[in-house]
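The entries follow in the sequence in which I made them.

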Amino acid sequence: MTFDDLNDFIKYQEGNNDIIKINEEVDPNLELTYILSEEERIGRKKTILFNNVKGSKMPVLGNIFSSEKKIEAILGDTPYNIGLKLKNIVRIPDDTESMISRGLEMLKEMSGIKPKVYNRKGSEFEVVDPRLTEYPITKNWPKDGGRYITMPVVITKDPDTGTRNVGTYRMQVYDDETAGMHWHIHKGGAEHMDRYKQEGKIMDVAVAIGVDPLTFFSSIAPLPNGIDEFSFRGILAKKHLELIKGETVNLEYPRSSQIVLEGYIDPSETRVEGPFGDHTGYYSLEEEFPVFHIKKIVQRLNPIYSTTIVGKLWHEDVKIGKAIERMFLPLIQIQIPEIVDMNIPEETVVSNMIVVSIRKRYPGQAKKVMFAIWGTGQMMFTKIVVVVDDDVDVHDMKQVMWAMTTRIDPVNDVFMVPNTPTDSLDHPARLFNLGSKMGIDATRKSPAENYNRPWPDTLSMSSDVEKKADELIKKLEQSQN
């Protein structure tokens, strides 16, 4: 299943009785997003459609990704199963295959990868002058610097190669025609801007709001540089993504978009952006960021605005982060094959700590895995890497804590790496974008690792006793029922 647009997704949610429609007037200043937050905190996690937003004629849709069930519907399968399919696409032929047969299989699997570009938008779109004050853009937390567009799909191109980058970066609204572009130095959009700056050029930018859910998911996927997010979306959907050409920018954007802001960024211009109540559970503070100028807005005749709120632990960004973890595990295992499983705990804002289990074969292997993780894509931002043996379930934090406290000698098994790249939202870092890492080797140690004592056996019951006891307990339960 692939949802063509937000309207299609809403119909699906109606059929599942998984949407709440609020017709009473709701204020986009704190009230709307607090309702979204509470819906998730209490555990009901329904998608909410606000039909009467104060100061605007547009409805607002939120909590699109608020449950695993919704994410599986959007992706068309479980994230892990999709990861296995992605792994199969990039694998080399085994002994039973020829290069030709493997190549034909890859062509079939990637047949929907390249987006289709259309010149005309059709009668469902209109072009209007920029007036952001008329849109139901929300203020999420009391000390936010203003109203923020929180689900933008930002599209740029490399000035030399034409390679497209698609990312999601929050945008603070300054007035009807300008907004902050909060892309961090490590992101693809910022990299493109640096190249425009070197060439002394103005940069075309398109911002799509209210795209279909799978396109939004693809925009935040941690893809390697140079891989087009729209093509990745085509792989996931097994269907070409339809794009339309911009009116005033040399860019293409999804036909599923409800609203598109066409404009530019002057790389030499910055403005103070923030504070913003962020996914870390803290306000990210004021910093200088580029300014996005809007030239025209292309929108549907009856557009739906999409929004989200981030904050402490229970919001939908956590669900998206866990889906990405499961989807990319099989691909990470290609690069780091000794990894058995991986968990990026929700409590660590799905970024600050990774726990991996490995099949340990040689001394120092845990450290090798740590550095491999820090050298892989966006995992370079991970502050703490914990490596455990494969008898530990990394998703059971009781087992993880048990291993961390019974299989380490702090002086020998915990180490620090100073002066490393860190996420721009890593508030404890002494310098902006530069911090440190910690590795914890919570694996059993061998004599080859200068451990010269016998390592005790882990407690476990004999299998025959377990089987007999389980059968007895089952009989008791049946007799009581």
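Before reading any handedness, I wrote down that a crossing is left-handed if the near helix is turned anticlockwise from the far one by less than a right angle, and right-handed if clockwise. I also noted that this is a predicted model, in which local features need pLDDT of at least 70 and side-chain atom pairs count only at pLDDT 80 or more, while totals for chains, interfaces and linings use all residues. Residues are numbered from 1 along each chain as its sequence is written, and side-chain values use heavy atoms, with hydrogens and water left out.

Entry one, H3 on H9. I took helices as DSSP runs (H or I, at least four residues), numbered from the N terminus, and axes as lines fitted to C-alpha atoms over the stretch in contact, with angles from 0 to 180 degrees between N-to-C directions. The axes of H3 (residues 68-75) and H9 come within 10 Å and cross at roughly 55°. That makes H3 oblique to H9, since angles under 35 degrees count as roughly parallel, over 145 as roughly antiparallel, 65 to 115 as roughly perpendicular and the rest as oblique. H3 passes H9 in a right-handed crossing. With contact meaning heavy atoms within 4.5 Å, I found Glu68, Ile71 and Leu75 of H3 meeting Lys319, Ile320, Ala323 and Met327 of H9. By class this contact has five nonpolar, no polar and two charged residues, where Ala, Val, Leu, Ile, Met, Phe, Trp, Tyr, Cys and Pro count as nonpolar, Asp, Glu, Lys and Arg as charged, and the others, Gly among them, as polar.

Entry two, H4 on H9. Helix H4 (residues 79-90) packs on helix H9 (residues 316-335) at an angle of about 30°, with the axes 7 Å apart, and that makes H4 roughly parallel to H9. The crossing is again listed as right-handed. On the H4 side I noted Tyr80, Leu84 and Val90 among the contact residues, and on the H9 side Ala323, Met327 and Ile334 among them. The contact of H4 with H9 has twelve nonpolar, two polar and two charged residues.

H7 passes H8 in a right-handed crossing.
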